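Have your viewer ready and try each task before reading on.

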Amino acid sequence: MSYRSGFVTVVGRPNVGKSTLLNSLLGDKLLIVSDKPQTTRNRIQCILSGDEYQIVFIDTPGIHKPKSLLGEGMVQTALNTLDEVDVVLFMVEGNEELGGGDRYIAEHLQKVKTPVILVVNKVDQAKGAQLASLEEEWQGIQTFKDVVHISALTGYNVDALRDKVIALLPEGPQYYPEDMIIDQPERFVVSELVREKILQLTHDEVPHAVAVVVDEMKERSDTMVYVRATVYVERESQKGIIIGKQGAMLKAVGEAARKDIERLLGSKAFLDLWVKTKKDWRNETNQLRQLGYDEYSRRR
């Protein structure tokens, strides 16, 4: 059997389960997830390798109506992948009615020649009649190469989706070493793990105004890694929320993040967190560049 390889983008509205799906396919917790929309900000490549295939998945930010320079860049990044890949996975929720955001993405998909698989997620939370009605409605809007029902959270039918993707890939080379599963450095993953805990533990406008930068990461002994990271927010009031009364919130964030960081690094970790204010950083070109969002700082 020939070796198949290629690139696959995963697109959909915010919070439909794109990162959860990729974590399930990869069998590891590499991408942060939360119940907050716009959790994924960067274009991240995850690599799934087998004896006869290599799939390079592109996890993209959720496509939404942007309210900032950062948001505009995130949406454009997701849309740009549609013409760059071999297969598109379009994720929708099986337990929700077809909405305006889904239709907006479908309009863009109609313009591409790339084969599109409609991935109906959260089927474990939907009734059969609801799924049938949703699928019929989608088929009236667009013709898909295939339709697959899954539960990214439980892993239901995820292997079947993987096999359908492999069948659509062309013959090609191995792009990455077989033991490589993400194209980002450890510092990036660590910063994302800290941001995930803030997303999970805080509410209202705070999560979207947060950026995390790992300033220092070094071994202090054979069994301990020192990590110093700065949490940036847009207003002093948000800084107070992140720190919490007598530092309680920041301590809770640090304790939760440290556990995942230790699992990632395979050693004990000392996590030293600081909080600083960068006013309106999501709309400032220089601020976006300083915080690692250089790709989005060049827009407008």
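Helices here are DSSP runs of H or I with at least four residues, numbered from the N terminus. Please keep in mind that this is a predicted model.

**Exercise 1.** Place Glu262 in the fold and decide: is Glu262 buried or exposed?

*Solution.* Start with the helix: Glu262 belongs to α8, which covers residues 248–265. Next, take the cut-off: buried means under 20% relative accessible area. Glu262 has 16% relative accessibility, so this residue counts as buried. Finally, look for contacts beyond four places in sequence: Glu262 touches Ser267, Lys268 and Ala269.

**Exercise 2.** Find the salt-bridge partners of Lys197 and say which parts of the chain the pair with Asp260 ties together.

*Solution.* One partner is Glu196, with the closest N and O atoms 3.2 Å apart. Another is Asp260, at 2.8 Å from N to O. Lys197 sits in helix α6 (residues 186–201) and Asp260 in helix α8, so this pair joins parts 63 residues apart in sequence. As for accessibility, Lys197 and Asp260 are both buried, and Glu196 is buried too.

**Exercise 3.** Which residue forms a salt bridge with Glu137, and how far apart are the closest N and O atoms?

*Solution.* The partner is Arg103, and the closest N and O atoms are 3.2 Å apart. Glu137 is in helix α4 (residues 128–141) and Arg103 in helix α3 (residues 100–109), so the bridge links parts 34 residues apart in sequence. Now check accessibility: Glu137 is partly exposed at 35%, and Arg103 is partly exposed at 38%.

Definitions and conventions: Residues numbered from 1 in each chain as written. Predicted model: local features only at pLDDT ≥ 70, side-chain atom pairs only at ≥ 80, totals over all residues. Heavy atoms only, no water. Helix = DSSP H or I, 4+ residues; strand = E, 2+ residues; numbered from the N terminus. Buried < 20%, exposed > 50% of the residue type's maximum accessible area, 1.4 Å probe, protein only. Contact = heavy atoms within 4.5 Å. Salt bridge = Lys/Arg side-chain N within 4 Å of Asp/Glu carboxyl O.
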